[in-house]
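Subject: Structure for your reading, with notes

Dear colleague,

Please find below the structure that I would like to hand over to you. My notes on what was found in it follow directly after it.

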Amino acid sequence: MQDKRFQAYLVMLYAYFSVGCMVLAANTGLQFMIADFGWTDSQGGLFISFLALGNLLASIFTGVACKAISRKRVLLLYGGLLFLCYTLMSLVKTPVLMYPLSFFAGFYWGGVNSITNTTITELYEHAGGKLNFCNACYGVGAVLVPLLISLIVAKGGSWRMCFRLVALLGLGLILLVLLQPIPEMKGSTSEAKGDRKTSFAFWREFPFYLCAILFFCYVGAESAASSWLPSYLSQYNGDFVEIPSATIVSLLWLTLIIGRLLCAGPGAKINHKLLLILLSAGFLLGVIGMVCFVNHTALLLASVVFTGLSMSGMYATCVTNSARYIASSPIGAGILFGMSGLGSSVIPYVAGLVSDGFGLRTGMASLCVFLAISLAAALVNRWYHPATEDAA
């Protein structure tokens with residue numbers, strides 16, 4: 001049983017690594033797509049929003065689909081979808097076709113994210129450390145892809161080549177899922193008997209809505225920051241004219257990996273509700289620093305590192321904070337993961353609209369509004385329902 005659990009966990013690590021690769025390929029490749037297709041900032045933001053919209057829908061319905069046809073089959077379908085969509089995006093020359101392809105590629109993001117976090121939460125009683133390590137694997141992909149795109153473009157290649165390499169990761173997931181055991185969802189027995197109270201009890205609990213706000217604001221701000229950071233640095237800091245600005249995204253995610261490993265170790269001893277407050281405040285301060293010090297390279301780099309460390313444990317801590325809803329109801333889990341998809345759809349597009357009207361620096365600054373809401377929700381989350389358990 002222990003071996004099968006570990007094998008399934010390894011599949012989840014690979015799956016999350018591939019999600020990091022596909023999301024950052026879209027985020028980092030955005031500046032090159034804007035140049036190739038002649039998009040405005042809002043049109044580029046719309047591409048990310050379509051990706052996130054697919055994430056949203058998959059997050060909501062993946063739990064139901066897994067119960068209907070099994071996790072294994074759903075993962076196989078998502079692996080095929082990643083391969084198909086990213087291959088086609090690397091080939092099409094008509095800009096408008098990028099939007100529906102981005103939308104369907106987003107199903108991989110949302111679906112695999114939902115399956116990975118739910119599976120690990122079910123496999124391990126105290127899953128906080130395992131979730132943070134899994135998120136570090138996402139970060140590895142998020143570090144490698146911006147560097148890869150920068151290297152390919154520097155050698156005279158195109159962002160399209162990176163998309164083709166990411167497409168192969170979908171085939172890799174298919175192979176792993178076929179070879180390794182994938183546990184099915186728990187809790188189906190009580191629902192089969194008609195006991196729906198546990199499944200829908202979250203509607204009456206105020207902390208559930210705080211969890212939803214945290215997912216919405218954090219993931220949306222993360223997606224927007226990763227998407228706009230290369231263009232932002234190229235426009236406002238002359239040092240990134242010669243140095244590929246996409247490398248700063250790799251720096252951001254490198255600090256995220258370090259932070260997530262710390263959260264998986266020493267940070268796991270900190271109560272998760274308190275940790276949410278600290279990380280939310282740090283993310284907000286980091287973005288303020290990037291806006292205020294964009295013309296001062298040393299302070300800018302320090303702000304990026306501080307932002308990455310603050311972002312590092314946010315998602316896994318949000319999952320840990322919401323574990324009772326994720327484990328007790330596929331519908332509740334779907335809504336929470338769906339809120340992260342909604343945030344990553346709405347917030348980058350809002351930032352793009354603000355950027356078109358008032359400049360990219362103001363667009364980046366607009367993220368502070370959502371991060372302030374996230375911090376307020378984290379504070380209320382601790383006050384309204386004081387933690388009595390240790391963080392996992």
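Helix α6 (residues 159-179) supplies the largest share of a nonpolar surface patch, namely four residues. Helices here are DSSP runs of H or I with at least four residues, while strands are runs of E with at least two, and both are numbered from the N terminus. The patch consists of F83, M161, L165, L168 and L171, which together have about 410 Å² of accessible area. A patch takes residues with over 30% relative accessible area and no salt bridge, joining nonpolar side chains (Val, Leu, Ile, Met, Phe, Trp, Tyr) within 5 Å and like charges within 9 Å. Accessible areas come from the Shrake-Rupley method with a 1.4 Å probe, and for residues only the protein chains shown count as cover.

Before you read further, please note that this is a predicted model, in which local features need pLDDT of at least 70 and side-chain atom pairs count only at pLDDT 80 or more, whereas totals for chains, interfaces and linings use all residues. Residues are numbered from 1 along each chain as its sequence is written, and side-chain values use heavy atoms, with hydrogens and water left out.

L165 lies in helix α6 and is partly exposed, because its relative accessible area is 40%; the term covers values between buried (under 20%) and exposed (over 50%), with a 1.4 Å probe and protein chains only. M161 is also found in helix α6 and counts as partly exposed, at 39% relative accessibility. The C-alpha atoms of M161 and S90 are 7.0 Å apart, although 71 residues separate the two along the chain.

Next, the cavities. How many cavities of 30 Å³ or more are there? The count comes to four. A cavity is a set of points, on a 1 Å grid over the protein atoms alone, where a 1.4 Å probe fits but cannot get out; its lining residues have an atom within 4 Å of a point. Grid points are joined across faces, edges and corners, and the volume is the space filled by probe spheres set on the points.

The largest cavity has a volume of about 120 Å³. It is lined by 13 residues, of which Y16, W109, Y138, E222 and Y315 are the closest to its centre. Helices α1 (2-37), α4 (98-123), α5 (128-154) and α9 (206-236) each give at least two residues to this lining, and α9 gives the largest share, three residues. Sorted by class, the lining has seven nonpolar, four polar and two charged residues. In this sorting, Ala, Val, Leu, Ile, Met, Phe, Trp, Tyr, Cys and Pro are nonpolar, Asp, Glu, Lys and Arg are charged, and the others, Gly among them, are polar.

A136 lies in helix α5 and counts as buried, at 4% relative accessibility.

I turn now to charged pairs. Side chains of opposite charge can pair when their charged atoms come close. A search of the whole structure finds two salt bridges, each defined as a side-chain nitrogen of Lys or Arg within 4 Å of a carboxyl oxygen of Asp or Glu. One of them joins R71 and E122, whose closest N and O atoms are 3.1 Å apart. This pair links distant parts of the chain, with R71 in helix α3 (residues 71-89) and E122 in helix α4, 51 residues apart. Both R71 and E122 are buried.

The side chains of R324 and E205 also meet in a salt bridge, at 2.3 Å from N to O. R324 lies in helix α14 (residues 323-328) and E205 in the loop between α8 (197-200) and α9, so the pair ties together parts that are 119 residues apart in sequence. E205 is partly exposed, with a relative accessible area of 22%.

Finally, which residue has a positive phi although it is not a glycine? That residue is S70, with a phi of about 90°. Most residues other than glycine have a negative phi. S70 sits in the loop between α2 (41-69) and α3 and counts as buried, at 14% relative accessibility.

With kind regards

Methods. 1 Å grid on protein atoms, 1.4 Å probe; cavity = no way out; pocket = protein on both sides within 12 Å on 5 of 7 lines; lining within 4 Å.
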